[in-house]
Every structure is written in structure tokens, then in C-alpha cells.
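Biologist: Could you take me through the enclosed spaces and ring contacts of this chain, one question at a time?

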Amino acid sequence: MGGIALKELAQIASAVQVSSTMAMDALAKKMKADGIDVIGFGAGEPDFNTPDHIKAAAEQAIAGNVTRYTPASGTAELKQAVCRRMKEDCGLDYTPEQVVVSSGAKHCVYLALRALVDPGDEVILPAPFWVSYLELVKMAGGVPVVVTAPESAGFKMTAGQLAAAITPRTKALILNNPCNPTGMVYDREELAALARVCVERDIYIISDEIYYSLMYDGAGFTSVAALGEGVKERAILVNGVSKSYAMTG
């Protein structure tokens with residue numbers, strides 16, 4: 001018998017590239033299983049375990065049958081906890097109504113793009129960037145505009161580069177600070193310069209700050225939303241527990 005002829009998959013889905021990060025991670029794990037001494041630099045994952053009190057709380061929740069449907073944007077208690085964390089860590093004032101909980105930071109980035117981007121809208125990506133950003137923009141029907149920040153500039157995009165990349169079709173900038181893969185961190189002045197361009201040209205900032213608590217050598221972190229109300233109105237902050245609390249799974 002011949003194979004069954006099926007209709008083609010969606011063009012957008014078919015155009016999505018396999019995650020090179022996960023491919024590298026799978027290869028590293030296979031090499032380790034084969035007895036090869038290898039260090040994997042693929043998936044961003046802490047080398048410590050999930051704290052015991054978090055694991056205990058999860059067990060208690062399951063035992064207490066906290067396993068039912070929740071509001072689509074997250075439970076009220078969880079969103080209040082997010083607001084407290086943003087206030088304590090970043091000095092940001094948010095209300096639970098401004099918080100949406102998803103299944104992960106990548107999911108948040110995708111949902112933000114789906115909410116903002118119409119087909120043909122441009123989204124600026126400073127490079128080097130996390131590989132998924134490019135595919136997420138394309139999945140939302142957007143056009144990625146890559147701006148290269150060279151090593152000689154500390155892998156940091158300048159305000160001049162950002163302004164030059166903006167066109168009438170520009171809808172948003174994806175900013176990853178601290179950055180994966182370079183480890184680069186914008187200081188407050190550098191971030192403020194970028195934010196001024198976004199406010200003046202009226203574009204959104206999808207700010208992926210998932211690594212904000214993994215700062216070392218005394219380096220300080222500034223959330224882009226802390227730079228004034230004009231910036232905060234245009235900023236969609238992306239954060240989560242996967243990196244800070246070793247809960248990537």
C-alpha cells in the first residue's frame with residue numbers, strides 16, 4: 001500500500017528552524033553518555049539544584065490537590081508574589097492586573113510578539129542574540145531586523161545604531177539584558193540612551209531579563225522599566241524562575 005497523501009503543514013510552521021541550542025545540548029548529553037569528557041555550552045542551565053523549600057512547597061501543593069484549572073493569566077496569589085519580587089529586586093511598582101504568568105519565558109516572548117506584531121511589522125534584534133528570538137519573530141509574521149553589536153563595542157548596540165534601524169514598519173525591540181549568549185550587561189546610562197530612542201520613536205521594548213539575578217563581580221542590574229514612566233508604558237518585561245531557581249524543567 002502507498003503512503004497516505006496529507007495536506008501540507010502551515011508555511012509559517014514549516015519555515016521554523018530547529019533550535020540549535022537544544023540540538024547542541026542533546027549532542028553534549030549523548031557525548032557524555034558515550035563516556036566523552038565534554039562541557040556543554042548549549043542550554044542555559046544553573047549548576048545548582050532547585051532549593052529544597054521550593055521542592056517541598058511543590059509536594060505540599062500536589063498533596064493538597066492544588067491541581068485544578070487556574071485563571072489564564074495566573075492565580076491572584078502568584079501574581080501578587082511577582083509584584084512583590086519586582087518591587088524588592090528592581091524597585092518597580094506593578095499591580096496584579098499588569099502581570100501574566102505563562103509556561104516559561106520563551107512562551108512570554110512569543111505571546112508578547114503575537115500581541116504586538118502584525119504581518120510585515122519589523123522587530124529589531126541586537127546581535128549576538130539568543131537563537132529563538134529570530135524564529136519567534138518569524139512565527140508571529142514579523143520581519144527580524146538584525147543589528148550587529150561587535151565585540152569591539154562590548155557586544156552592546158548603541159542608541160545611534162538603534163535609531164538608524166528604525167523604519168515606519170518598526171513595532172518593537174527585543175532587548176536581552178543580561179545577554180545570552182555574550183554575558184553582556186548594559187549599564188544604566190547605556191540602557192537609558194536606548195530607552196530614549198524607543199520613547200521618541202514610539203516603539204515597544206520586549207525586555208527579556210530572565211538572567212537578572214545571576215550577576216557576578218559586583219555588577220549592578222537596572223530594569224529598563226525603571227527608567228521612567230514613558231519607558232515603562234512601552235516595556236513588556238519577561239522574567240521567570242527557570243534560571244534563578246534552577247527550574248528549567
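Modeller: A cavity is a set of grid points where a 1.4 Å probe fits but cannot get out, and its volume is the space filled by probe spheres set on those points. Please keep in mind that this is a predicted model.

Biologist: How much space lies in the largest cavity?

Modeller: A search of the whole structure for cavities of 30 Å³ or more finds 1. The space in the largest cavity comes to about 70 Å³.

Biologist: Which strand gives the most to the lining of that largest cavity?

Modeller: The lining includes P126, P128, F129, Y133 and F155, together with others such as I174, L175 and N176. By class, it has 10 nonpolar residues, 1 polar residue and no charged ones. The element that gives the most, with 3 residues from the stretch 170-176, is strand β3.

Biologist: How do W130 and Y133 pair, and what is the angle between the planes?

Modeller: Y133, which also lines the largest cavity, is buried, as is W130. The count of aromatic pairs comes to 2. W130 and Y133 form one that is edge-to-face, with 5.2 Å from centre to centre, and planes count as edge-to-face when they are over 60 degrees apart. For W130 and Y133 the angle between the planes is 90°.

Biologist: Over the ring of which residue does the charged end of K232 sit?

Modeller: A charge sits over a ring only if, among other conditions, NZ of Lys or CZ of Arg is within 6 Å of the ring centre. The charged end of K232 is 4.4 Å from the centre of the ring it sits over, which belongs to Y94.

Biologist: Which residues are the closest to the centre of the second largest pocket?

Modeller: About 910 Å³ of space lies in the second largest pocket, and 32 residues line this pocket. Its lining divides into 19 nonpolar, 7 polar and 6 charged residues. The closest to the centre are A43, G44, E45, N180 and Y211.

Conventions
Residues are numbered from 1 along each chain as its sequence is written. This is a predicted model: local features need pLDDT of at least 70, side-chain atom pairs count only at pLDDT 80 or more; totals for chains, interfaces and linings use all residues. Side-chain values use heavy atoms; hydrogens and water are left out. On a 1 Å grid over the protein atoms alone, a cavity is a set of points where a 1.4 Å probe fits but cannot get out, and a pocket is an open set with protein on both sides within 12 Å along at least five of seven lines; lining residues have an atom within 4 Å of a point. Helices (H or I, at least four residues) and strands (E, at least two) are DSSP runs, numbered from the N terminus. Ala, Val, Leu, Ile, Met, Phe, Trp, Tyr, Cys and Pro count as nonpolar, Asp, Glu, Lys and Arg as charged, and the others, Gly among them, as polar. Rings of Phe, Tyr and Trp (its six-membered ring) pair if their centres lie within 6.5 Å; planes under 30 degrees apart count as stacked, over 60 as edge-to-face and the rest as tilted. Buried means under 20% relative accessible area, exposed over 50%, partly exposed in between (1.4 Å probe, protein chains only). A charge sits over a ring if NZ of Lys or CZ of Arg is within 6 Å of the ring centre and within 35 degrees of the ring normal.
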